[in-house]
Amino acid sequence: MRFLKSKTIVFLMVMVMGIMMFTAGCSGNGSSEDPGDDPGIPAPEEIDFIVDKMTTEEKIAQMLIPALRFQGDREEPDGVFEMNDKLESIIAKYPFGGIIFFNENVENPSQTTKLINDMQAVNRDAGFDTGLFIAIDQEGGAVTRLGAGTQMPGNMTLGAIGDAGFVRAAAGVIGSELRVQGFNMNFAPDIDVNNNPGNPIIGIRSFSDDPEVVGEFGKIFAEELRNYNIIPALKHFPGHGDTDTDSHTGLPCINKTLDEIRSLELIPFQAVAADAEMIMTAHIQYPEIEKETYKSKKTGKDISLPATLSKTIITDILRGKLGYYGVVISDALDMGAITDHFDRLDAAKLAINAGVDMLLKPLTAHIEDAGKELDEYIKGIAGLVESGDIPEERIDESVRRIVELKIKYGILSAEITDLDESEAAKEVGSKVNHDIEWDVALAGVTLVKDENNGAEPLVPEKSKVTIAVPYNSEMNSITYAKQKLLEDGVINAEDSITSICYGDVAAWDVNAIADEADVIIGISAMYGLSELNPTIEEGVLTDFLQRLIEAAHSKGKKCIIISAELPYDVAAFQEADAILICYGARGMAELPGDFTGVTREYGPNVPAAIYAAFSGDHSGKLPVDIPKLKEDYTYSDEILYERGFGL
């Protein structure tokens, strides 16, 4: 191979960086003692002192984690990037359990750190004993919120590497960047088993379709977040991997018995149950397990309660059978799976009575309205407590768990100090972190087809190469890959690499493209099964790539396909000369430059796969089975490439 890094050198480098970041991580916001080393249990009298002072409404507020992300025009709202009078009045009125941040709250590291500092200060100045959980979805890969941060290649890349050291390195970068800005909670890792290739929402967010691997890597990822005083929230119980509906927009249903999910979906959760402090629920119906129904406000028909609202699933199974003690948090309650079918207060009552301790995003509101709506919501739940529809002891049980977790992680108001905004700017998106990110991305690139069985780089030396991407956001990925190839001496300035975006397929002649190159690299980015059918509109990009392969071969040229998103699309391109998989198509809105924390939407996967095609540096193994396609372009039961395969 022209250029093959030693995996041992990469491993040592990422572990050294992990130690350095661990040292830095233990000296910032929150407790000086690392709860990952000595969890401890707060003294009952300390918990009682805080809880007994709260009114019923304050206890309910402690169970809420709202989003405060929009302001201004309701049609085209602005983000909430700094403290203002409206925001201050909302946070100062109630001792909320926490706030969840989104893209609309994070502009750059200094701004984010200041906003978090200000939120904690307002909470403290209001006289509340507990600080705020400041939470975010920073899984890495497809689900990241810190545009200026180090994105990391995502869980399925880590599954393809199959090495615990790389899992620790990836989680360590994420944990260190969250910590230095003042975050103390991460809704990660995702420990769903992606055993359904047609899943529209999990996919590359999962480590594998092997539940043992998912459990092992999920546990390691969570441990590393704790090393930075970040509370991991493992999700989505009891498992979101076998759905064919996105719960953001619909209500998924899995017709499996308890014994069936015990043999697959529950395995990762059982692996983490003893150590986890927070587990997030799934808005998924399990009618073979939960028999209680609710009359849907959308259809007027009785529907099975989803897991989030099911006492059978939350209390009997998660707590009773799995022995889980920690905090249970709902998935966002403003998702379509809940809002389409359930009255808002009915959903709150069902969730709390089911055993859910914290209600995430109970409503969607601009900050101009959020104060009033949250006030009405809290008073509505308090009314249900007063009427006996929600037992008061159920509220107290949840609040005690929440307060215990805050004490454990040093999230009492008096213990929270402001963080240095300039330090956040240096750490977040640093060159050191991006170097780790690159090594992880490259180590996960998987070769599943090659006439030379991976013995030589896929692109011969001095080839004239055209790289075709489906979306403009990936054009910078090609530029960055070329930059890396030149820096490392894999190619030289005389090598010819051109790029095109084929998203508007009508504008391109596949024969003309083939005429201009010796080797064509086509990037496929599939997000759903329908996109594999070249006979329908959704499959127009697949059709284009298939015709491009044919055109190349008709002219004696070589065509390489890179699967950049869901890896299952490789079944549609078996005529290609070679196939690489990189498990993430996230583009690059800006080039990384000098990595000074201003990068937005930086995705390392596609550049790493392009680099691997030229360098021969690919060592990943499939973390999932790839099924063959039927004639109607649906998945068959026959396996094309087995988990663990890779050339």
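Helices and strands here are DSSP runs, numbered from the N terminus. With those labels in hand, let's walk through this predicted model.

**Stop 1: two cis prolines.** Select F237 and P238: a cis peptide bond joins them, with omega about 5 degrees. P238 sits in the loop that runs between β8 (234-237) and α9 (258-262). Now move to A188 and P189, where the peptide bond is also cis and omega is near 0 degrees.

Stop 2: Next, pick M152, in the loop between β5 (133-136) and α6 (155-161). Its phi is positive, about 65 degrees, although M152 is not a glycine. As background for both stops, most residues other than glycine have a negative phi, and most peptide bonds are trans.

Stop 3: To see the contact, display K86, L87, I90 and K93 of α4 with I367, E368, A370, G371, L374 and D375 of α14. By class, these contact residues are 5 nonpolar, 1 polar and 4 charged.

Stop 4: Finish at the second largest pocket, which holds about 340 Å³ of space. Select D137, V143, R145, R205 and H248 to centre your view: of the 23 lining residues, these are the closest to the pocket's centre. Colour the lining by class and you will find 11 nonpolar, 4 polar and 8 charged residues.

Key:
Residues numbered from 1 in each chain as written. Predicted model: local features only at pLDDT ≥ 70, side-chain atom pairs only at ≥ 80, totals over all residues. Heavy atoms only, no water. 1 Å grid on protein atoms, 1.4 Å probe; cavity = no way out; pocket = protein on both sides within 12 Å on 5 of 7 lines; lining within 4 Å. Points joined across faces, edges and corners; volume = space filled by probe spheres on them. Nonpolar A, V, L, I, M, F, W, Y, C, P; charged D, E, K, R; others polar. Contact = heavy atoms within 4.5 Å. Helix = DSSP H or I, 4+ residues; strand = E, 2+ residues; numbered from the N terminus.
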